[in-house]
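Trainee: I would like a close look at a single part of this model. Please take me through it step by step.

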Amino acid sequence: MIHISDPIELKKQMRPLGSIGFVPTMGALHDGHFSLIKKSLQENEKTIVSIFLNATQFNNKEDLEKYPTSFKDDVKKLEELKVDYLFAPEFIDMYPDNYRYRVSEDKFSKTLCGSSRAGHFDGVLTVVLKLFNLVQPSKAYFGEKDYQQLSLIQDMAKAFFLDVEIVPCPIVRTKEGLALSSRNKRLSNKGLLKAQRFAEILQQSRELTEAQEKLQEEGIKIDYLKEIGSRRFAAVEIENIRLIDNVEK
């Protein structure tokens, strides 16, 4: 696996390649990430994974500082999967302008996660656009757990005429039904059980009012619980850790 940290070197390396599959991550890799990577490896001549803990999408400094990291283990797992390239830049590499220039969306990004995380999706869309410009992927893979993020990235690609196919990938869950997330690693055993209960309530409740009542009975703090179209979205806080999930109604 070729490990690159410099954006200019990355662009040089990408130019002569054929079809490129791209999986952007913030590290602390788990089976959800690996499902995206395996799909990319199957569908493309080359696969590149990025690991970049993107500070601009965190509106809470403490949340950023406590976000789990496991870089050495991540590299080892990517090598075992036979990923072709790893791009792991530093903040100054990705933001030589110190984030003076950014991408904003003024409608859907203000709802759900965006309603309580000011600037979150500006950071997400900005870094993804930068990564797309550097990697020039044929396909980019995103999990449906972050469904709002996925939708916004799909729309951004259309709005800016980006020559990349955004590939949605199903949520990977534990046998108990909990959506895999790097943040799960921060939960205690008790918190993990409560998170599993959150997933169960979200999936099994027939009505939003029923889900809300059951979550409150469990002592789970609700950020939002909404239905948009055919999908039910929720964000909760367990042990001061923010978890999101969504399911088909």
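Which residues does Asn44 touch, not counting residues up to four places away in sequence?

Mentor: Keep in mind that this model is predicted. Asn44 touches Ser19, Ile20, Gly21, Ser138, Lys139 and Tyr141, leaving aside residues up to four places away in sequence.

Start with its place in the chain. Asn44 sits in the loop between α2 (31-43) and β3 (46-51). Its relative accessible area is 10%. The cut-off for buried is under 20%, so Asn44 counts as buried.

Next, the polar partners. The side chain of Asn44 makes a polar contact with the side chain of Tyr141, at 2.9 Å. A polar atom of the Asn44 side chain also lies 2.9 Å from the backbone oxygen of Ser40.

Strand β2 covers residues 20-25, and strand β5 covers residues 139-143. The two run parallel and are joined by two bridges. Gly21 has Lys139 in β5 as its bridge partner. Asn44 touches both Gly21 and Lys139.

Helix α2 belongs in this picture too. α2 packs on the sheet and touches β2, β3, β5 and β6. The direction of α2 makes about 155 degrees with that of β5.

Step back to the sheet itself. The sheet is open, with six strands in the order β1-β4-β3-β2-β5-β6 and parallel pairing. Its edge strands are β1 (2-4) and β6 (165-169), each of which pairs on one side only. Neighbouring strands of this sheet are turned against each other by 25 degrees on average, direction ignored. As a rule, side chains in a regular strand alternate between the two faces of the sheet.

Another helix lies over other strands. Helix α4 (residues 71-80) lies across β1, β3 and β4 (85-87). Helix α4 runs at about 175 degrees to β3.

Arg117 lies between α6 (113-116) and α7 (120-135). Its relative accessible area is 9%. That is under the 20% limit, so Arg117 is buried. The side chains of Arg117 and Asn59 are joined by a polar contact of 3.5 Å. Beyond residues up to four places away in sequence, Arg117 touches Gln57, Phe58, Asn59, Asp63, Arg183 and Arg242.

How values were computed
Residues numbered from 1 in each chain as written. Predicted model: local features only at pLDDT ≥ 70, side-chain atom pairs only at ≥ 80, totals over all residues. Heavy atoms only, no water. Helix = DSSP H or I, 4+ residues; strand = E, 2+ residues; numbered from the N terminus. Buried < 20%, exposed > 50% of the residue type's maximum accessible area, 1.4 Å probe, protein only. Polar contact = N/O pair within 3.5 Å; in protein donor to acceptor, adjacent residues only side chain to side chain. Contact = heavy atoms within 4.5 Å. Pairing = 2+ DSSP bridges. Axes fitted to C-alpha atoms, helices over the stretch in contact; angles between N-to-C directions.
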